[in-house]
Amino acid sequence: MPHTIQVDLGKELNLCAVNLLPRQGSSSGAINGRIKGYELYLSKSKAELGTKIAAGNLANEQGWQTVVLDAPATGQFLTVKALSEQAGQPWTTLAELTVDAAVPGVVPTVPPTTDPTVPPTTVPTVPPTTDSTVPPTTDPTVPPTTGPTTDPTVPPTTDPTVPPTTGPTTDPTVPPTAGPTTDPTVPPTTDPTVPPTTDPTATPSVEPTVEPTVEPTVDATVAPTSTTTEPAASTTASAAVSSKEIQQGQTLTFTGFGFQPGENVRGTVHSEPVDLGVALADKDGNVAFTWKVPANFAAGKHTVTLTGETSSAPSRQTSRLWPPAATRPVAPRPTATLPARVPTPWRCGVEPC
């Protein structure tokens, strides 16, 4: 480099700009030979390089690039000198070259002017008016009817808008989801579905639920067992006791269900009220109290009541307190004498009868 390209314009022209289009294409080699540094010369003779009319650097772009001359220049032979390539390679390519020019001595038929042909005005050409262009009328554009019409405004069709199907479709009306959703189908509420009541769900009775027997239900030589009875599912508060039949000195656990999560629940043992204190319901609305039966606590049927301080939901559970084993009446056990087993003859010599 440098490389030169000379173009014969055909006749002398007054040049004001030169337009250059780089090599086109989408391959990686299409950018090869793009001109970076350049100089433009214009002469009246093919043998002469002529006068330098422009110089600079072209952008590394694929579209047309225009070099505007500082002043119009006259000549017939235009020379483009490539001084460098965009990637520093020793190549020069050019797709198209055009010029913006005019023939010397040709005068435009109408001298250009910067003034508008019609003076602008801020006054409207037609005076404004408050009167409507069409006189208003009180008569309807369509005569009203005094009665219903038998003809429909739209002709009815006997065909359904959607073709009916004769069998079930395999596609669901709602697209199924690939995983479970975290939102509930019904918004949760903080109010109970059944209004709480302070009345017991069952009418109390003075009669014992279990008939007393003259014999203890648990042998005195065997320690009483503690079994927890789980309450049945309910929409109201309920309670359970770890043992239905208890003794003085025994430790009991009272469990409540169906309270509001996080609410305070107070426990009380009746008939002579004994305050069990206050416990906090867990996230599932369950609460538990532990109580040791005093040694002097009266025998008989007693009820524990668990009441929520926020929901006022009561739950009750009844148990029977037995006296200590040493004080329970023990009925004499009947005795009997069984006759000795009498040998029986063998049947068929195989087995006894």
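What volume does the second largest cavity have? In this predicted model, where local features need pLDDT of at least 70 and side-chain atom pairs count only at pLDDT 80 or more, totals for chains, interfaces and linings use all residues. Residues are numbered from 1 along each chain as its sequence is written, and side-chain values use heavy atoms, with hydrogens and water left out.

The second largest cavity has a volume of about 70 Å³, a cavity being a set of points on a 1 Å grid over the protein atoms alone where a 1.4 Å probe fits but cannot get out, and a volume being the space filled by probe spheres set on the points. Its lining, made of residues with an atom within 4 Å of a point, includes Leu20, Arg34, Gln65 and Thr93, and divides into seven nonpolar, two polar and one charged residue.

Strand 8 (residues 251-257) is joined to strand 11 by six bridges, and Thr255 stands opposite Ala288 in strand 11.

Ring pairs link Phe254, Trp291 and Phe297 into a cluster, rings of Phe, Tyr and Trp (its six-membered ring) being paired if their centres lie within 6.5 Å. Trp291 and Phe297 form an edge-to-face pair (planes over 60 degrees apart), at 5.4 Å centre to centre and 80° between the planes, and both residues are buried, that is, under 20% relative accessible area with a 1.4 Å probe and protein chains only.

Methods: Pairing = 2+ DSSP bridges. Helix = DSSP H or I, 4+ residues; strand = E, 2+ residues; numbered from the N terminus. 1 Å grid on protein atoms, 1.4 Å probe; cavity = no way out; pocket = protein on both sides within 12 Å on 5 of 7 lines; lining within 4 Å. Nonpolar A, V, L, I, M, F, W, Y, C, P; charged D, E, K, R; others polar. Phe/Tyr/Trp six-rings, centres within 6.5 Å; stacked < 30°, edge-to-face > 60°. Buried < 20%, exposed > 50% of the residue type's maximum accessible area, 1.4 Å probe, protein only.
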